[in-house]
Amino acid sequence: MNKNVFKPIKTYGINKEHLLKMYFDMLKIRDFENAITDVYSRGLMNGLAHLYIGEEAIAVGVCANITSKDYALSTHRGHGHLVAQGADLNKMMAEVLGRKDGYCKGKGGSMHIMDASKGILGANGIVGAGIPIATGAAFSAKYRGTDQVVVSFFGDAASNQGTFHESINMAAAWKLPAVYVCENNLFGISVDLRKITGNPNIADRAVGYGIPGVSIDGNDVLEVYRVTKEAFIRARKGEGPTLIECKTYRHKGHHIGDPGKIYRLKQELEDWKKRDPIKTFKERLFKENIATKEELKEIEKESRQIVKHAVQFAENSPYPDPEEALEDLFFELEERK
Amino acid sequence: MAKYIIMPKLGFNMKTGVVAGWLKQEGDSVAEQEVILEVETDKTVMEVEAQASGILRKILIPEGEEVPVTLPIGIIADEKEDISQLIEEAYQKLGKKTPEPLTAEKPLSSAKEVTPDITHPERSKRISPRARRKAKELGVDLELVPAGSPDGKIAEKDVIAYHQEHKTAPKVAEGDRKIPYTGMRKIIGDRLSKSKFTAPHLYFTLSIDMTQAMALLKKQNQGRDQRISINDFLIFTTAKVLTEQPAINCSLLDEAIVYHQAVHIGIAVALEEGLIVPVLKQAHQKSLVQVARETKALIRSARERSLIPEDYQGGTFTISNLGMYGIEHFTAIINPPEAAILAVGAIKKMPVVSEEGQITLRSIMQVTLSVDHRLIDGAIASAFLRQLKDHLEFPGSGLF
Amino acid sequence: MAKMKKVTYAQAICEAIDEEMSRDKNILILGEDVGILGGNFKTAVGLYEKYGDFRVKDTPISENGFIGMSLGMALTGLRPIVEIMFSDFLLLAADQLLNQIAKIRYMSGGQAKVPLTIRTTIGAGRSSAAQHSQSLHAIVCHIPGLKVVVPSNAADAKGLLKTAIRDDNPVVFIEHKMEYNNEYEIPEGEYTIPFGKAKVLREGKDITVIATSNLALKAVKAAEELAKEGIDVEVIDPRTLIPFDRETLITSIKKTGRVFLADEGYERSNIVAEIVMDLMPDIFYFLENPPERLCLPNVPLPFSPALEFPLIPDQEKIYKRIKAIFKN
C-alpha cells in the first residue's frame, strides 16, 4: 500500500462535530504517547512502554462506534484504544508512573490498564490473551439478551496465537456479537509477518471460520470508521462476528529503547511516515473545507493542554504504600490465604 | 522559555548514555520533535528529539562523553534569554554524577518472623523439639535424661519420667550454707553421673581372707624403710591378675572396645573438693616395692594438688579403698572410659568355720567389683574375682 | 440430626449445580460434553434438558479459548462454571488461568471481580496413563489469585461447590475421578460449607494425619486398622487448600506431636510440603518426630496396573508408613 487513496470526506456522511472529535482523539493519542516518551526519558516511568504512534486512525476509527454500554479489550500497545474510548488521561498517566491515583493504584502499569466503569476491560500483557476474554464478554452479551458489542483489538502477531483460532471459531459457531480488529503493522517485535506466515493477509482467515473478513487501510480513519460501523450493525442484529484487518505501521520501535530500524527497511518506514494518519487527515479536513487552520490549531492546543495537565497530575500523585502490595487479591477483604 | 535537554532513559536497565553526536550547533534554531542529537547506549544508537522549540543555546556535554541518564546535556531557550543560572545548576548536577533514586526502597516481606524461644547448645544426642520444650518447662537437665528407646532418642515422655523420679528438690532453709555447684566438684560430679547413667553397672562381692597376706607383710615390713601396705599388695596383685584377665582390662572408646596390653591402675584419693584418681602406670611390670614407693608418691602429690594431667589420665582399672574409714562394703562408680572398678572394704576379724568344722578368727576383707555390663558379663567378672581372691589368700613366693 | 439420603459423588455435584442454576439465571455451565451427554463423569445429567443450550454449553476442544471466554463472561455479569475433564488439561489453558484469571483483579487495582468456578478432576487408578491421571492442584495453589477446594466426599463436595459458585472470586474445584460412582450419605435439602474450615474426621492422640481429597477417607480406614495395634490416629481433612485452616491443624499437632501428610500429587513440590513449611513456626517445638509424607513418586504415571497401583497412595501404604513410625 504505497499510495494515498482517500475518498472525499463528504461521501462518509459524518457531521463536522464528529470529524473534529476524531481529529481531536487522534491528537490526544499522539500527544499522550509523546508525553510517555518524555516521562520515560526522564526516568519517571519504569518497565516498558509500547507506543501507538502511527496507528492512531485504527483506535479512533473503531472506538468512534463504541457506545458506553459496549466493551473492548486491547493489547500491550493499548494506550491508543484507552484514550479513544474516553479513558481519563490523568489516571492513565498516573498509572503509567506507578502512582496511587492511577487507574489500577499502581498495580497494573502500562500494559494492564483497565477502566471497569467504562467497559474498558483493559490492555493485556500476553499476546493474544485478550481475544478469548473479549469473546466471552460477547457471549455474555448474547446470553443476557442485550445488544452490546465487544471489540477485540490484537496485532498481526497475535493472529498466529492459538487463542485467535479458538476464539473466532467459537464466536462464529455461536454467532457472538464480536468485532475482531487486527492491527497489522507487519512486525511482531523484530519479526516480519511476511516471513513467518503463509498468508500475510489476515482477513483471508475469516473465510475459514465462515465469517466476513475485510482488509483496509488502517491509516484512513474514516475507512476504519465505516467498516467498523458495518461490523457493529451486523453484531447488534445477531448476525455474528466480523474480522477487520487494518493495515498500518508503527513509526517507532516495538518499545521505547528499541530503535526499530535494524529489522525494518528504511524506505518502507519513510513511505509509511508520509502517510501519517493525523497529518493526512488534517490535510483532508483543511483541503476539503471542513475546518479552518485556526480551528485545527485550537484543537491541537487543547490536546496538548490536556496531556500536559495529565503529566502534572501524575507527577504530583504520591506513590502507593508498600502495604498496599498485599491488597486487592480477592474480593471481600479476606486473609491472604 | 528555557528547557534542559536531558540524557534520556531509553530502557529500564539504562544507567548512562554516550553523546554519539550533536546534529545541531550552538546558536542553531530547533523545532519541537526535530531530531537534534544521537545517543549511544550499550545496545544501540538512538535518535533524540527536541522537547521544545527555540535556539540551542548551550551544549553542556560534547560528543563522546558519557553521562548518567536524566542529567542535563544541553539547553534550549529564546535568543536573548539569560541562562547563566541554568548553566551553573546543570554543572553542579553533572559534578555530582549520580541521579537521585526514584522511590524509597522499603523492603516488603510476607514471610513470618520466626523467633525461637529456646536456645540450645550443640548436642550429640537425638532430642526431639518437644522433649527440649518439656525439659525447659520442668527445669530438667537434658544431659541427665536417659534415652527411652533403643535408637537413643530422647522423647518428651523420657523427660517427664526423669522429672518424676527426681522431682523432690530440698528447699533452702534459714542457716543453710549454699555454695555454687561448680568447678572441680561439678566436673567430677557430672562425670560420675554420666558414668552411672550410661553404663549399666553390675556388682559382684567376694570376701577375701587376708590373714596370710597380713602376716607376710608384717614380717617383711620389719627392718624396712619403705613400708608396704595391704593396699600396695592389693594393687600389685590386681595388676598381675589383670594381665591374665584381659577381658576386664578394657575401655569403651569411640564405639569400640579396646583391650589394653598394659595395666595402669587408678588409685582413688579423697580430697575435700572431690575424688581424684592418680594412675600408677605400667603397674603390671612393677615390683611390690616399686608399687609401694610410687603409690605413696602419687598420693602425696594428689594431696599437695601437684598432679599434672598425665598423672591422672590413661588408667585402665581403678581401685577405691575405704577400708581405713572402717567401711565394710560399698559399691563404686566406674571411672569412664574404664570397664570396671574394685571397691575395697575394711579388714575385720571374723569367725570362720573351717573345713574341719572348727571356728577360727580370720582377717576378712570384702571387695565389690563394679563392671560395665556392656563390656563385661557375669562369668568374666566372677572369674576375675576368684583369681584375685586366690592370689591374695595364697600369696606366692618371690614377691619381694 | 439432619435427614440423610444416599447419592453418588457425581450426583451430589450435579445437585449443587442444579440448585444454584435454578436460583440465579446468570449461572451457566460450559465444557466438553456437558450438554447432551450430561458430562463425561455424569456431573451434569439432566441439566441440558432443564436449562437449554445457552446455559449448558457444549464447547469445542479449545481449553485456552473457553477458559478465557469464561473470564470475559465473569467480567460482564455472568457466573460461569467451567468443567475441565482432567486437571492435566488445565495446562492447555495455563495462560488464561494463571496469567489472566488469577491476576486480573490485582492488576486492575481491585476494579475487576471474577465470580468464576472451574471444576476439574484428579486421581489415578484407571490405567489412563501419564497425561490423564495427574493431580495438579499444587500448581494452581502456587499462583496467587485462585481459591482451591478439594472435597473428599459427596456431602462436602455439594456444600463446598455451592459456596464456590456463590464466591465472587475464581475458585478451582478439584474432584476425585475415582469417587464419582461411590455412594455417600449427604444431608437432605440445601446447605453450604464455608471455605477455610478443615474437618477432623477421626480424633486421636498419637499422630495427626492430614490427607487431601479421597485420601482423607482412606486415612480413616487405615486409622481403624492402626487402632488395633494401639496406635491412636487423628485424621484431618483440610477441605480447602486456599483459604487454608491453619488453626485446626496446629491445635491437633500440638496435641499429638507427630504429623503425617498424604496427597496424590507428585512428591516434589507437593502441596503438603507447603503445608508443613507454613505450619512449622507454630509446631516445631511440639514435634516428637520429623513430619513425613506419602505422595506419588516423581515419575509420570505408567499404564499397566502392575506398575500404576504400587505408586498410588492408598490405605495400605498409609497404614504401613504410620506403623513404621511407631516401631519403637
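User: Where is C:Pro243 found?

Analyst: C:Pro243 sits in the loop between strand 12 (240-242) and helix 9 (246-256) of chain C. Helices (H or I, at least four residues) and strands (E, at least two) are DSSP runs, numbered from the N terminus. Keep in mind that this is a predicted model: local features need pLDDT of at least 70, side-chain atom pairs count only at pLDDT 80 or more, and totals for chains, interfaces and linings use all residues. Residues are numbered from 1 along each chain as its sequence is written, and chains are lettered from A and ligands numbered from 1 in the order in which they are written.

User: Is the peptide bond from C:Ile242 to C:Pro243 cis or trans?

Analyst: Cis, with omega near 0 degrees.

User: And in chain B, which residues does a cis peptide bond join?

Analyst: B:Pro336 and B:Pro337, with omega about 10 degrees. B:Pro337 is in the loop between strand 18 (317-321) and strand 19 (340-353) of chain B.

User: While we're on chain B, how many helices and strands does it have?

Analyst: Chain B has 9 helices and 20 strands. Of its 400 residues, 30% are buried, meaning that 20 or more other C-beta atoms lie within 10 Å of a residue's own; 12 or fewer makes it exposed, in between is partly exposed, and C-beta atoms are placed from the backbone.

User: What about its domains?

Analyst: The assignment for chain B gives domain 1 (3-96) and domain 2 (201-393); such bounds come from an automatic or database domain assignment. The C-alpha centres of domain 1 and domain 2 of chain B are 100 Å apart.

User: Back to chain C. How do helix 3 and helix 4 cross?

Analyst: The axes of helix 3 (residues 63-75) and helix 4 (residues 94-101) of chain C come within 8 Å and cross at roughly 30 degrees. Axes here are lines fitted to C-alpha atoms, for helices over the stretch in contact, and angles run from 0 to 180 degrees between N-to-C directions.

User: Now chain A against chain C. How many residues does the contact take?

Analyst: 37 residues from chain A and 37 residues from chain C. On the side of chain A that touches chain C, strand 2 (120-122), helix 5 (130-143) and helix 6 (162-174) of chain A each supply at least two residues. Helix 5 of chain A gives the largest share of that side, 9 residues.

User: Is A:Ile53 buried or exposed?

Analyst: A:Ile53 counts as buried, because it has 21 C-beta neighbours inside 10 Å. Its place is in the loop between helix 1 (16-41) and helix 2 (56-63) of chain A. Leaving aside neighbours within four places in sequence, A:Ile53 contacts A:Arg30, A:Glu33, A:Arg250, A:His251 and A:Lys252.

User: What's phi like at A:Lys175 and A:Asn289?

Analyst: A:Lys175 has a positive phi of about 50 degrees although it isn't a glycine, and A:Asn289, also not a glycine, has a positive phi near 60 degrees. A:Lys175 is partly exposed, with 16 other C-beta atoms within 10 Å, whereas A:Asn289 is exposed, with 8.

Terms used: Contact = placed C-beta atoms within 7 Å.
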